[in-house]
Structures are given as C-alpha cells and as structure tokens.
Amino acid sequence: METLSSLSSPTQREEQQQNQFLHHAKQKHLIGQTCTQCSSCININTNTIPLSIPLSIISSTTTVTAAIMKKKKKLNSNNNSGIASLFHHSVVMATLLQYLRRRRRLHRHVFPLLSVLSACFLLLFAAFSLPLHHHHEHQHSVSNAVEFGSESESDPPPLFNVPESGGSLGRDLWRTSLSELYQGCCNASKKFAMADVKTNPNRYLLIATSGGLNQQRTGITDAVVAAYILNATLVVPQLDQKSFWKDSSNFTEIFDVDQFISFLSKDVRIIKELPPKGGKVVTPYTMRVPRKCNPKCYQNRVLPVLIKKHAVRLTKFDYRLSNRLATDLQKLRCRVNYHALKFTDSILEMGKMLVERMRMKSKHFIALHLRFEPDMLAFSGCYYGGGEKERNELGAMRKRWKTLHKSNPDKVRRHGRCPLTPEEVGLMLRALGFGSDVHLYVASGEVYGGEATLAPLKALFPNFHSKETIASKEELAPFSSFSSRMAALDFIVCDESDVFVTNNNGNMARMLAGRRRYFGHKPTIRPNAKKMYRLFTNLNNMTWEEFASTVRTDQIGFMGEPNEVRPGRGEFHENPASCICEKSKAKARGVLIPRTQTHNHPNKDTGDVTNEQSAEDEEEWSDMDYVENVNSRERGLPNETESDPNILLKPEQPELEEELFSD
C-alpha cells in the first residue's frame, strides 16, 4: 500500500486516508459491537457533531460524504447492521479529518492576512489622530452638511447637519429692539459760533483726500471740522486719483457739490476754487499733519503757517483729526456726513433702482459687505489654506504696504482681524436665524478664489444677488469704469437694506454702521471675529444645535442694538454717540437703559468730550490705528483726549500707505 506522503494529488491522499480507516475498522473490531477502542481514541459520538466545527466546514464536506456513501451501499449488501453503525463512525471521522486539514491551511493563510489588515487599520487610526495643520482646522464643507439633511430617515443623524430654515428665535430678525426710542440729533448748540462771525477772509484751507470712496468720505468730513477750528474758508476737497483704485472721478462727479456748500453755509464757508490774488494764481503751501491731530495740534502746527501763507494744502488727509472732540464739533461731523454729503442724482437714481429690484424679489433682504478681495486678504496678513500659491500671491501683493510688519497668520486670526470666509459668514447667518429663503445682496469686488470660494455661501443662500445680476451691463456702463461710483451704488443698497452684515471693520463698514445707527438703528451685524475663530476651529466636534446656540451668545453686542456693549472698534464714524438722542416719548415713559448694557449713553449738549473708545480697542487694534501725535506742550488741554489721565499715550508711529483703512 502506498504511503500518504508518496501520493502527489491531495484528492488521492484523502481517498487513501479514508480507505485506511475502513480497513482498520474491519480488521481490528468486531462486527456489530461498539468500537470502544476508537471511541476512547477519538471521543466521538456518531449522533452528534462537535459544536466547534463551523457550519460552513460541514456543508463543504458534502462532496466527500457523497463519495463515502457509495462505499456504504456496498457494505450494506454484504454485512449486517453493525457495519452500518461502523460506517457512521467512518463518515464523521472523515469529516473531522477534512476540517482539521482545512483549519491548518486556514491558519497558514488567514493569520498573515489578518495581521496585514490590522496593521493598516492601526496606521489609519494614527493618521486621523494626528492634529491637522492649524490653518486648515476651520475649513469645512457646507455641501456635505446640506447633503446630510437629505438622507433617509433610517440613517443615523449626522454630527453637524445645517438646516435649511433658520428656526424660530422668538424675535424679529429685521429690526432692533428699542430702536423707536432713539433718533439722530446734530443741531448746533447756541454757543456754537456761525461761519459769518468767525471766518477769517485771508485763510484758505485745501485738502487732498486719500484712499477709496469711504476713506475719502472720512477725510471730507474731517476737513470741514478742521476748517472750522482754523477759522478758514474751505476749498472743495480734491479726491484721490492716484491710489490703488485709480479712479479719475472728481468731487462733483461723486457728490452734489451745491448741496455740500449750501447745507454747511452757516458752519463753514466753502468755495469751489481758490481765488486768484492780484490777478495771479495762488500756490498753496503744502504740508501734512499727524494722524488724529486734535484741535490744539492744528492751532500749533497749521495755524501759524496759514497766517503767514494764507493758503495751506494738507495732503493724504484721512484720519487726520482726533476721534474725540467736543460735542459741538462731533455734531458738525454728523451734519457733514449724514446730511451735506449727498451723491449725485445719477448715482442716487441707479442706487434707488437697485433697491427697488431687491424689494420686488422679497419684502426683506440682507446686504453683505463680503470684503474677501485679494487686496484685503493681503493687507490683513491672513491665510486660508491655499498653500504656496496663496502665500506667494498675497505675499507679493502685501509688499505694496512697505511699512507693514511680516505677517503672522495665526496671531492675526486669533485676534479677530481676519475676514470670515464666505462659507463661515453663511453659517453664522443661518445660526442667527436666517433661512435659505432669505435674499442676499452681496457688495463685493472680485472674490479671492472666485466661484469656488462663493459656492458654499450660495448653497446656504441660493437667492444670491449683486448689482451685476440685477442690473444689465448697459445700465451699469456709466459707472463700471469708476471704482468710486460702483462703490457708491453698493453703499446705497447696503444703507437701504433691512439687515446689513459687515465682514471686516474697514471704512465702508464703519461708515454704514454709524449711518444706520443715526437713522433709526437698523440691524447691523458685525462678526465677533475673535470668538468666531475659536468656534469654527472646533466645528467638527459639535452638533449644529451647539454651534447655533454658541453663535447667538457670542454675537450679543455685535448686532447693532442701540444699547449694546461694543467691545470692538470705537471710531466716531462707526458709533456717533454724540449725535444720537432719546426721543421725547421715551423720556416721558421713563425708559431706562441699564448702565451695564451700554457702551455709550445719549448725550446732552454740554460741550464735554465723549468717551467712545475703550482701552480694549486701543490694545487690539494698535497696529492698525494711528495714535494721536502731540508734543508735551499740547497735553493737559480741556475738552480733548489728552486731558484724560487714564489714556496712555504712545510714541508716534510711522505712517502706512494711503490704502491702510480699506473700503
């Protein structure tokens, strides 16, 4: 008989092993008796199958069992029932042998495979456990979150599922509380000297503004006050035509010059051109004053030159007047900004048409000043996860501001100085209660990243509009080649919107925030960027409900309420507290504003200096603001900032470029 090892085929070896087992049963045991020897050896019960054998193994032995059953028929024809019992032993024994052989083969192949799979899982787990790069932490996919909402009911709920509706918050989203109790007030007090009394006929002040439309607007407003301080006649300011925006428009092409002159005639004498002297053209003396120069600063630096030269031209005139002035001077600022400066009829008519078209689409709409253009991102020094391409592009653009320090994106974002991405703005608005049916007007230039950057915001708010989508090219043609005129159109729509959302604290944002406060405290939402940064960093670790609740809490004080705490910027143009008064009916009703909830209280015409800027403002924005530059002889004066012993004066800082306060 051949040995098992000598057989080359596995099938031959299996058949030979089975034949040997049958031979052993015939030769060694008595027919018809219990095989005690084999029972003790293999401990088997012919009526049971060991529970440790998998059913798959048992079913896989059907072929072998069928072959053995042929032998069973031969045995039954020659032997008695004992042989049948013996054959039952042989069938089970053969099944066990095959199971054991397969199990050995399984061990040889499966265990290495399991080891490889286990190693792969461990590597994946380690990779996902490592912290992501900081700049990518706040990136997330709105589209995925929206898709989660469309899954079947049998699927488990996702961790962060953005709803389509804003939910019911129990308040009116389109108005501020207590706004009916306040009104704008900018009339001069009785002690405010009129222009015909105080203007010196031999003093002429000329101003060259700087920056974009709204930065120039601040310069024009402050120029009127500077002329009043110097008892001078103001020549209509010259607009900036050489800076980044390169707009060739002059004053009369943006603003109604006749309205400007006539409305302010009692305050400051204004003329369109510098008159000749002795038939000759007068060349004004050109100089520049420090940033945020206070009245005493003008009297000490400019007045002596003006008395001597008779005509002085102040260059790069933006933020050249102190933020804190006596109340009458602040009210003069308001008369200029909110009443005298009026756009030309052509700009007003086009802006009005854009507003009407938005009203035709919806009763209420949001205007968003997105400000996510490349120049804004470059100036801020922020990083949004675009790799070397983004760093190179924005880094090259940032070099335009020669006095800016090397950027530290992590620090800048932590301090809340980075604009939110369009996606983050959309999530914030949804959390505040604005659903996908809300119409959104976006005032913006070319967004960095194009449509790919805007896609998540459009997914959240499909009713997405801009002046380019609601007006034809032909209608915009008279304005499209002039950045200031296009900015003026956006200014009008944002001013007339039910809710205005700003994504940075630039000039347009501050100008509109102050204007909307003055004209009825219409809701103006400014992201609490410091807290939003921390919230978006941990977005993947919370549910939508947790996120929305945190946003609503963090935004308290940043919604444009008349009595809210303003921990952000305190520029007068943003928060003209001197020009906001309680209405008489509010006084009659005895409505009180808790002091702990007010940043500025309505002023009375006392002539005292108001305190609109907190110490926190100075600390947070010190590298973006210009400190007031005065020498020691200018300090300690009444009714001026420097007289406040709690104000820490900082040394003079170098000036930045004219586009510092981006529109």
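I began with the aromatic rings, and ring pairs link Phe251, Phe255, Phe260, Phe343 and Phe491 into a cluster. I took rings of Phe, Tyr and Trp (its six-membered ring) as paired if their centres lie within 6.5 Å, with planes under 30 degrees apart called stacked, over 60 edge-to-face and the rest tilted.

The model is predicted, so I asked for pLDDT of at least 70 for local features and 80 or more for side-chain atom pairs, while totals for chains, interfaces and linings use all residues. Residues are numbered from 1 along each chain as its sequence is written, and side-chain values use heavy atoms, with hydrogens and water left out.

**Rings**

I counted 15 aromatic pairs by this rule. I looked up one of them: the ring centres of phenylalanine 536 and phenylalanine 547 are 5.7 Å apart and the planes are at 50°, so this pair is tilted. Phenylalanine 536 is in helix 24 (residues 529–537) and phenylalanine 547 in helix 25 (residues 544–554), 11 residues apart. Phenylalanine 536 and phenylalanine 547 are both buried. My cut-offs here: buried is under 20% relative accessible area, exposed over 50%, partly exposed in between, with a 1.4 Å probe and protein chains only.

Next I checked charges over rings. The criterion is NZ of Lys or CZ of Arg within 6 Å of the ring centre and within 35 degrees of the ring normal. The charged end of arginine 217 sits over the ring of phenylalanine 343, 5.6 Å from its centre. That ring also belongs to the cluster, with Phe343 linked there by ring pairs. Arginine 335 lies over the face of phenylalanine 192, 5.4 Å from the ring centre.

**Sheet**

In what order do the strands of the open sheet run? I read 4-3-2-6-5 for its 5 strands, with parallel pairing. Strands pair here if DSSP finds at least two bridges between them. Strand 4 (270–271) and strand 5 (285–287) stand at the edges with a single partner strand each, so one side of each has no neighbour in the sheet.

I then followed strand 2 (residues 204–207). Tyr204 and Leu206 point one way, Leu205 and Ile207 the other, and all are buried. Strand 2 pairs with strand 3 (residues 233–235) in the parallel sense over 2 bridges. Tyrosine 204 has threonine 233 of strand 3 as its bridge partner. From strand 2 the chain passes through helix 8 (residues 213–229) to strand 3, a right-handed β-α-β crossover. I called it right-handed because, with the strands pointing away from the viewer, the path from the first strand over the helix to the second runs clockwise.

Strand 2 also pairs with strand 6 (residues 311–314), parallel, over 4 bridges. There isoleucine 207 has leucine 314 as its bridge partner.

**Helix 13**

Helix 13 (residues 327–340) has 14 residues and reaches 18 Å from first C-alpha to last, close to the 20 Å expected at 1.5 Å a residue. The expected span is 1.5 Å times one less than the number of residues. I found 13 of its 14 residues buried, so helix 13 is largely enclosed by the rest of the structure.

**Cysteines**

How many disulfides does the structure hold? I found 4, taking a disulfide as a pair of cysteine sulfur atoms within 2.5 Å. Counting bonded cysteines along the chain, the pattern is 1-8, 2-3, 4-7, 5-6.

Cysteine 293 and cysteine 297 are bonded, with sulfur atoms 1.6 Å apart. The S-S torsion of cysteine 293 and cysteine 297 is about -105°, so this disulfide is left-handed.

Cysteine 334 is joined to cysteine 579, S to S 2.0 Å. The torsion is about 95° for cysteine 334 and cysteine 579, so that disulfide is right-handed. Cysteine 334 lies in helix 13 and cysteine 579 in the loop between helix 25 and strand 12 (580–582), so the pair ties together parts 245 residues apart in sequence. Both cysteine 334 and cysteine 579 are buried.

Cysteine 382 and cysteine 418 have their sulfur atoms 1.9 Å apart in a disulfide. The link of cysteine 382 and cysteine 418 is left-handed, with -105° about the S-S bond. Both are buried, cysteine 382 and cysteine 418.

Last, I checked cysteine 186. Its closest cysteine sulfur, in cysteine 579, is 6.1 Å away, too far for a bond. Cysteine 186 counts as buried at 8% relative accessibility.
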